[in-house]
Amino acid sequence: MREVEIRDDMIRLGQLLKLAGLVEHGAEAKALLEDGQVEVNGTVETRRGKQLVDGDEVLLGNEIVRIVTR
């Protein structure tokens, strides 16, 4: 698991996927989400606009990313 630091109180899922380097483009994120390949806190998530906050965990393939605000 790795941590990704954000500056604000929240970040949208599509933005996080790009920030964490899990996808290169928004279209790629959209396709993965539509296919049910992304989980947020253990639940499949299909919305790019899902708001994530400190402590949320995102799973894509074998990669787990935890949101951290400082």
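Me: Strand S3 (residues 38–40) and S4 pair in which sense, and over how many bridges?
Reply: This is a predicted model, where local features need pLDDT of at least 70, side-chain atom pairs count only at pLDDT 80 or more, and totals for chains, interfaces and linings use all residues. Residues are numbered from 1 along each chain as its sequence is written, and side-chain values use heavy atoms, with hydrogens and water left out. Pairing here asks for at least two bridges found by DSSP. S3 and S4 are antiparallel, and the number of bridges is two.

Me: How many helices and strands does the chain have?
Reply: Helices here are DSSP runs of H or I with at least four residues, and strands are E runs of at least two, numbered from the N terminus. Read from that end, the elements go β-β-α-α-β-β-β-β-β. The tally is two helices and seven strands.

Me: Which strands sit at the edges of the open sheet?
Reply: Five strands make up this sheet, with mixed pairing, in the order S1-S7-S6-S3-S4. An edge strand here pairs on one side only. That picks out S1 (2–6) and S4 (43–44).

Me: Which residues lie on the covered face of S6?
Reply: In a regular strand, side chains alternate between the two faces of the sheet. In S6, Glu 57 and Leu 59 are on the uncovered face. The covered one has Val 58 and Leu 60.

Me: What is the phi of Gly 61, in the turn between S6 and S7?
Reply: S6 and S7 run antiparallel, joined by four bridges, and Glu 57 has Arg 66 in S7 as its bridge partner. The two strands form a hairpin with two residues between them. Gly 61 in that turn has a positive phi of about 65°.

Me: How many residues are in the largest nonpolar core?
Reply: A core is a set of buried Ala, Val, Leu, Ile, Met, Phe, Trp, Tyr and Cys residues joined through side-chain atoms within 4.5 Å. Among the elements giving it two or more residues are helix H1 (13–19) and helix H2 (26–34). Leu 16 is one of those with the most contacts inside it. The total is 19 residues.

Me: Is Glu 45 buried or exposed?
Reply: Buried means under 20% relative accessible area, exposed over 50%, and partly exposed in between (1.4 Å probe, protein chains only). Glu 45 is in the loop between S4 and strand S5 (51–53). Counting contacts as heavy atoms within 4.5 Å, and leaving aside neighbours within four places in sequence, Glu 45 meets residues including Leu 13, Leu 33 and Val 38. Because its relative accessibility is 9%, Glu 45 counts as buried.

Me: What relative accessibility does Asn 41 have?
Reply: Asn 41 is in the loop between S3 and S4. Although not a glycine, Asn 41 has a positive phi of about 50°. Asn 41 counts as partly exposed, because its relative accessibility is 45%.

Me: What radius of gyration does the chain have?
Reply: The radius is taken over C-alpha atoms, and the globule rule is 2.2 Å times the number of residues to the power 0.38. With 70 residues, a compact globule would come out near 11 Å. The chain agrees with that, at 11 Å.
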